[in-house]
Structures are given as C-alpha cells and as structure tokens.
Amino acid sequence: MEQPHDLTVEAPRTWERPVVSVPVLVALSLVGGRFPSFSTEANLYVFGAGGVLIWLGLSNRVPRRPAPQRLSSGAVWWTLPVLVFGVFEGATFFSAAGEDFPTFSLLADPLLEDRLVRSAGWLVWLSAFWGLARR
C-alpha cells in the first residue's frame, strides 16, 4: 500500500541548525574582530559578509521562519526613541559638529579598540542579520 505524501516532513539541512550556525557566526565574528576599525580590510569584510547574507536571504536556500502577523502595541513605542536617535545622529553627522556634538560611532571608538568588544559587536551584527535573512 502506498503512503500519502502529506505525512512526509523535510528535515532541515545540517548547516541551518543552531548547532552549526552559531559556531560559524562566532568564528566569523572572531575573524571580523581582528581587523582594525574602519580599515580597508574591515570594510571589505563587512561588504563580503553582508553580501553573502543578503544573497542567502533573497535566495531560497534558507528556510523561512514565519513573520509575526502584527506587532504589539508596545513595539510601536520603540519607534519614537529610535526615530529621535536617528534624527540626532544624522543631524550631527551631516553638520560635521565634531567634538562638540560627537556621533555615536565617534563615542564608541574607544570601546571598539579592544578586539574582544569588536568581536562581540560583530557577533551581534551577524546574528541580527542572520535572523533577518531567515524571515
């Protein structure tokens, strides 16, 4: 007797499992943390890693996770501080205020001189981008 096709389930590919993807993201972030901030190597690494993640997100090679149907009302309140921060950051950057009103990246430069902190920032960035690529 033939089995119906509705009962079959595709197993996720090996490289899509957290057991594989988390160590890969950690290894990539450790490599990215070795480059000095705003160097040519770091910029090429950002564009390379971002390009690969964009390609994975736009192709059908990564299984999609369902997007939330609707944002909660609490999530809407987070747009206000993000919007205010973005306006102030953009205004300070475009007006070139310098040391009087430094941008966030200028304030974060002393922290990012440490390789471990830079690697942690890379891990946060890669994890967030990987989560977006799977949506």
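Author: Let us begin with a pocket lining. Helix α2 contributes the most to the lining of the second largest pocket, namely seven residues. A word on the source: this is a predicted model, in which local features need pLDDT of at least 70, side-chain atom pairs count only at pLDDT 80 or more, and totals for chains, interfaces and linings use all residues. Residues are numbered from 1 along each chain as its sequence is written, and side-chain values use heavy atoms, with hydrogens and water left out.

Reader: How is a pocket defined, and what volume does the second largest pocket have?

Author: On a 1 Å grid over the protein atoms alone, a pocket is an open set of points where a 1.4 Å probe fits, with protein on both sides within 12 Å along at least five of seven lines; lining residues have an atom within 4 Å of a point. Grid points are joined across faces, edges and corners, and a volume is the space filled by probe spheres set on the points. The second largest pocket has a volume of about 260 Å³. Its lining has 14 residues, of which V24, L25, L28, L53 and L56 are the closest to the centre. At least two lining residues come from each of α1 (18-33), α2 and α6.

Reader: Into which classes do the residues of that lining divide?

Author: The classes are nonpolar (Ala, Val, Leu, Ile, Met, Phe, Trp, Tyr, Cys and Pro), charged (Asp, Glu, Lys and Arg) and polar (the others, Gly among them). The lining of the second largest pocket has 12 nonpolar residues, two polar and no charged.

Reader: What is the volume of the largest pocket, and which residues are the closest to its centre?

Author: The volume of the largest pocket is about 440 Å³. It is lined by 16 residues, and S37, F38, V46, L112 and W122 are the closest to its centre. The elements that give two or more residues to this lining are α2 (40-58), α5 (104-112) and α6. By class, the lining of the largest pocket holds nine nonpolar, five polar and two charged residues.

Reader: How many helices and strands are there in the chain?

Author: Helices (H or I, at least four residues) and strands (E, at least two) are DSSP runs, numbered from the N terminus. The chain has six helices and zero strands.

Reader: What are aromatic pairs, and how many does the structure hold?

Author: Rings of Phe, Tyr and Trp (its six-membered ring) pair if their centres lie within 6.5 Å; planes under 30 degrees apart count as stacked, over 60 as edge-to-face and the rest as tilted. The structure holds four such pairs. One of them joins W125 and F129, which are edge-to-face, at 5.5 Å centre to centre and with 80 degrees between the planes. These two residues are separated by about one helical turn because they are four residues apart in helix α6. One aromatic cluster is formed by F35, Y45, W122, W125 and F129.

Reader: Is W125 buried, exposed or partly exposed, and why?

Author: Buried means under 20% relative accessible area, exposed over 50%, and partly exposed in between (1.4 Å probe, protein chains only). W125 counts as partly exposed because its relative accessibility is 31%. S127, in helix α6 (residues 115-133), is also partly exposed, at 35%. In the chain, buried residues make up 20% of the 135 residues.

Reader: Where are D114 and E113 placed?

Author: D114 is in the loop between α5 and α6, and E113 is in the loop between α5 and α6 as well. With a relative accessible area of 41%, D114 is partly exposed, whereas E113 is exposed, at 64%.

Reader: How far apart in space are residues that are separated in sequence, such as D114 and G33?

Author: D114 and G33 are 81 residues apart in sequence and 8.6 Å apart in space, C-alpha to C-alpha. For E113 and G33, 80 residues apart along the chain, the C-alpha atoms are separated by 9.6 Å. S127 and S21 are 106 residues apart in sequence, with 9.5 Å between their C-alpha atoms. Contact means heavy atoms within 4.5 Å. Of the contacts in the chain with a separation of 6 or more, 69% are between residues 24 or more positions apart.
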